[in-house]
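Colleague: I'd like to learn how to read helix packing and overall fold from a model. Can you take me through one?

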Amino acid sequence: MPGRPRGHEQTSAYEELGVTPVINACGIYTDLGGSCLSATVLEAVAEANESWASMPELLDRSGEAIAALLGVEAARVVPGASAGLALSVGACMTGHDGALMEQLPDTTGLRAGILMQRGHRYKYTRCALMTGARVHEVGGPLATSEAELAAGLRSDVACVLHPAHLDGHDGTVPLDHVTERAHAAGIPVVVDAAYMSFPTELIASYTRAGADLACFSAKYFWGPNAGGFVCGRADLIDAVAQIDFTRFESGQHLIFGRAFKMDRSAVIATTVALREWLAMDHDARWAAYARRGAAIVNEVSGRIPATVETGCFTLDERLVPEPVNSVFVRPDGGCGHSAASLAAALAQGRPSVQAVAVGEVLSLCLETVREDQDELLAERLLAIFDREH
Ligand SMILES: *Cc1c(COP(=O)(O)O)cnc(C)c1O
């Protein structure tokens with residue numbers, strides 16, 4: 001990762017607490033703390049720490065900056081994509097009515113349906129339900145017809161929720177058709193685009209395809225684990241701003257968004273990380289993974305009873321050949337190790353090396369490994385097999 005601080009082990013604060021430092025060969029996962037902040041982002045955070053600012057103003061100006069960077073109508077920083085989903089659905093249910101915002105999760109008198117296609121069932125729906133909304137599911141497990149979708153767009157539906165990474169999966173109606181039909185019924189579409197931030201052109205593509213709001217997670221563009229943003233239609237972003245934590249303190253209404261409070265530093269870090277992500281030389285980033293992966297393969301191949309090769313561990317946890325971001329280790333049959341037992345052995349050491357076993361393959365994703373730890377990664381692999389001879 002270009003620009004990432006390196007060379008100094010940030011372990012003493014952890015050690016003081018008895019927390020095991022982790023070499024993260026899994027990739028970007030919330031439970032491992034998301035990303036690392038770059039030196040540039042940390043510098044901006046340190047500066048923000050030096051001075052107070054009005055949070056409503058900081059959120060308004062950072063939202064405008066993000067909207068300008070992306071070429072979208074409006075944006076708002078939120079503490080993650082899941083918070084973004086809850087605030088977005090709440091905004092769609094209540095519009096600009098503060099009394100209705102305060103009433104949630106009591107949905108009496110409100111449109112309270114979230115329309116979803118059956119093939120889009122996924123876990124983050126849970127975060128949208130804290131508004132008091134309920135899911136109205138349409139379609140079957142392997143297909144949703146346009147007619148089924150249209151029939152579901154009734155007057156009690158507040159919005160359609162469309163997970164971008166599941167677009168077109170299992171016979172679902174694609175986003176551009178969904179937005180066309182939903183808009184014909186006067187219903188907004190909220191997109192979960194949490195990890196759709198690379199290639200960077202993807203970010204603005206959802207609102208261009210008609211999405212009214214799209215939610216992104218900063219963890220996937222090397223921002224804070226508790227950062228993200230919502231972008232889309234200006235009037236709905238304004239409603240998101242009304243239902244977020246700032247108006248609880250300064251406005252008339254006691255809204256649930258108060259629980260999604262942010263630090264100045266998280267707002268700054270999200271904004272600066274996005275700017276850096278958009279300007280980054282991503283070809284160089286991927287070329288570095290390929291070069292580092294090949295070096296590790298070269299180092300351990302033939303020295304352990306396993307097939308070792310480079311590959312790509314995707315954000316939806318599949319193993320594909322390219323583009324290279326990972327080293328795949330497939331233990332030979334009868335060697336006494338499975339991918340899962342290798343993962344367990346690596347995790348037991350100190351620092352703990354964490355990696356993902358997918359079937360019979362152990363993936364060592366290099367995106368979250370510091371380059372100066374590649375050698376250690378190879379040594380640990382060699383040592384696990386050595387110990388047994
Ligand atoms: C990580 C993730 C989220 C949640 O994002 P946070 O920023 O961690 O709240 C939502 N949807 C998908 C698909 C994700 O991968």
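Colleague: Which elements do the buried residues of H15 pack against?

Modeller: This is a predicted model. Packing is read from contacts, meaning heavy atoms within 4.5 Å. Here the buried residues of H15 pack against strands E1 (22-25), E11 (326-331), E12 (352-358) and E13 (361-365), and against helices H13 (282-300) and H14 (339-348).

Colleague: Which residues of H15 are buried?

Modeller: Buried means under 20% relative accessible area. In H15 that covers Asp374, Leu377, Ala378, Arg380, Leu381, Leu382, Ile384 and Phe385.

Colleague: How many residues does H15 have, and what does it reach from its first C-alpha to its last?

Modeller: Compare the span with 1.5 Å a residue. H15 (residues 374-386) has 13 residues and reaches 19 Å, close to the expected 18 Å.

Colleague: How many helices and strands does the protein have?

Modeller: There are 15 helices and 13 strands. The radius of gyration is 23 Å, close to the 21 Å from the globule rule for 389 residues, so the protein is as compact as a globular protein of that length. Of those 389 residues, 52% count as buried. Take contacts between residues at least 6 apart in sequence: 68% join residues at least 24 apart.

Colleague: And the surface? Which residues make the nonpolar patch of about 310 Å²?

Modeller: A patch residue needs over 30% relative accessible area. Tyr14, Leu17 and Val19 make this one. Tyr14 lies in helix H1 (residues 12-17). Its relative accessible area is 43%, so Tyr14 is partly exposed.

Technical notes:
Residues are numbered from 1 along each chain as its sequence is written. This is a predicted model: local features need pLDDT of at least 70, side-chain atom pairs count only at pLDDT 80 or more; totals for chains, interfaces and linings use all residues. Side-chain values use heavy atoms; hydrogens and water are left out. Patches are made of residues with over 30% relative accessible area and no salt bridge: like charges are joined within 9 Å, nonpolar side chains (Val, Leu, Ile, Met, Phe, Trp, Tyr) within 5 Å. Accessible areas come from the Shrake-Rupley method with a 1.4 Å probe; for residues, only the protein chains shown count as cover. A salt bridge is a side-chain nitrogen of Lys or Arg within 4 Å of a carboxyl oxygen of Asp or Glu. Helices (H or I, at least four residues) and strands (E, at least two) are DSSP runs, numbered from the N terminus. Buried means under 20% relative accessible area, exposed over 50%, partly exposed in between (1.4 Å probe, protein chains only). The expected span of a helix is 1.5 Å times one less than its number of residues. The radius of gyration is taken over C-alpha atoms; the globule rule is 2.2 Å times the number of residues to the power 0.38.
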